Amino acid sequence: MIDFFKIKAISLDLNDTLWPVWPTIGRAEETLAAWLAQKAPQTVPLCAIPGYQRQIREEMPKLRPDLGNDLSALRREAIRVLLQRAGEDPNLAEPAFEVFFEARQNVIFFEDAMPALDFLKSKYPMVALSNGNADVHKVGLGNYFVAAFNPINLGVSKPDAKMFHVGAQALGVLPEEVLHIGDDPHLDVLAAQRAGMQSVWINREQKQWPHETHPAPFTVMGLKELCEAWPEFPTSQPLPR
């Protein structure tokens, strides 16, 4: 269970918590493929191979370990590899990535996401913690968060405790005063707990809890259910200990 009386702030995952990530990436890759068809037509046969762009992207951590977990840099270099394999100008990778990145920000929120954000913001300051490269301002959520951290601006990714601790610092509270909300059992739920926070598992697909040696956390099927579970007490006053 969650000790709601300890909560003074919220940290929130983005991908697959506020919107489904893979449909977003798929649409962005389609937009990129259309752009490449105009600017680098020899890539068309490669882009037409199902899953080929994703295959290159998945190869990048081994090909460019120096890029770490910077998803933008990895995506940019994956585009460069695609261009090279097609015999096109690899310098097109920069403008091509910008096309992809802009399209990647066109997310479609889960139905309960915006009402939940309004509810949570009315109670607590919030910070976004994501391993992805979505820009909270470009997706229209900048006014909800005190700050947003990802591997690009922080240099580490979840489950590294540094991301959670930096989030707590930005909120001006201790880690134990933060409730982290996310969909990934390892990267969000357990990682936040190991960083000293409470956490909630958003389990939209009703999966089984995968960690046999660790008790299942407070679990809800969506953000609407989480908000409905929130107790009523005045958060404008110091919370009881």
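User: What makes Arg64, Asp66, Arg76, Glu77, Arg80 and Glu94 a network in this structure?

Analyst: In this predicted model, salt bridges link Arg64, Asp66, Arg76, Glu77, Arg80 and Glu94. Glu77 takes part in a salt bridge with Arg64 and in another with Arg80. A search of the whole structure finds 14 salt bridges.

User: Why is the contact between Glu77 and Arg64 called a salt bridge?

Analyst: The term requires a side-chain nitrogen of Lys or Arg within 4 Å of a carboxyl oxygen of Asp or Glu. The distance from N to O in the pair Glu77 and Arg64 is 3.2 Å, so the pair meets that cut-off. Glu77 lies in helix α4 (residues 71–86), while Arg64 lies in the loop between α3 (52–63) and α4. The two residues are 13 residues apart, and the pair links distant parts of the chain.

User: Are these two partners, Glu77 and Arg64, buried or exposed, or in between, and how do you know?

Analyst: Glu77 has a relative accessible area of 15%; the limit for a buried residue is under 20%, and Glu77 is therefore buried. Arg64 has a relative accessible area of 27%, which falls between the limits of 20% and 50%, so Arg64 is partly exposed.

User: What makes Arg76 and Glu94 a salt bridge, and which parts does the pair tie together?

Analyst: The closest N and O atoms of Arg76 and Glu94 are 3.3 Å apart, and this is within 4 Å, so the pair qualifies. Because Arg76 lies in helix α4 and Glu94 in helix α5 (residues 93–104), the pair ties together parts that are 18 residues apart in sequence. Arg76, at 19% relative accessible area, is under 20% and therefore buried. Glu94, at 38%, counts as partly exposed.

User: Where do Glu77 and Arg80 lie, and how do you know that they form a salt bridge?

Analyst: Both residues lie in helix α4, 3 residues apart, about one turn of the helix.

User: What lines the largest pocket, and why are 12 of its lining residues called charged?

Analyst: The largest pocket has a volume of about 720 Å³. Its lining holds 29 residues, and Asn15, Trp22, Leu71, Asn131 and Gly132 lie nearest its centre. The lining divides into 9 nonpolar, 8 polar and 12 charged residues; the 12 are called charged because Asp, Glu, Lys and Arg count as such.

User: How do the lining residues of the second largest pocket divide?

Analyst: They divide into 5 nonpolar, 1 polar and 6 charged. Asp183, Arg204 and Lys207 are among the lining residues, and about 250 Å³ of space lies in this pocket.

Note on methods
Residues numbered from 1 in each chain as written. Predicted model: local features only at pLDDT ≥ 70, side-chain atom pairs only at ≥ 80, totals over all residues. Heavy atoms only, no water. Helix = DSSP H or I, 4+ residues; strand = E, 2+ residues; numbered from the N terminus. Buried < 20%, exposed > 50% of the residue type's maximum accessible area, 1.4 Å probe, protein only. 1 Å grid on protein atoms, 1.4 Å probe; cavity = no way out; pocket = protein on both sides within 12 Å on 5 of 7 lines; lining within 4 Å. Points joined across faces, edges and corners; volume = space filled by probe spheres on them.
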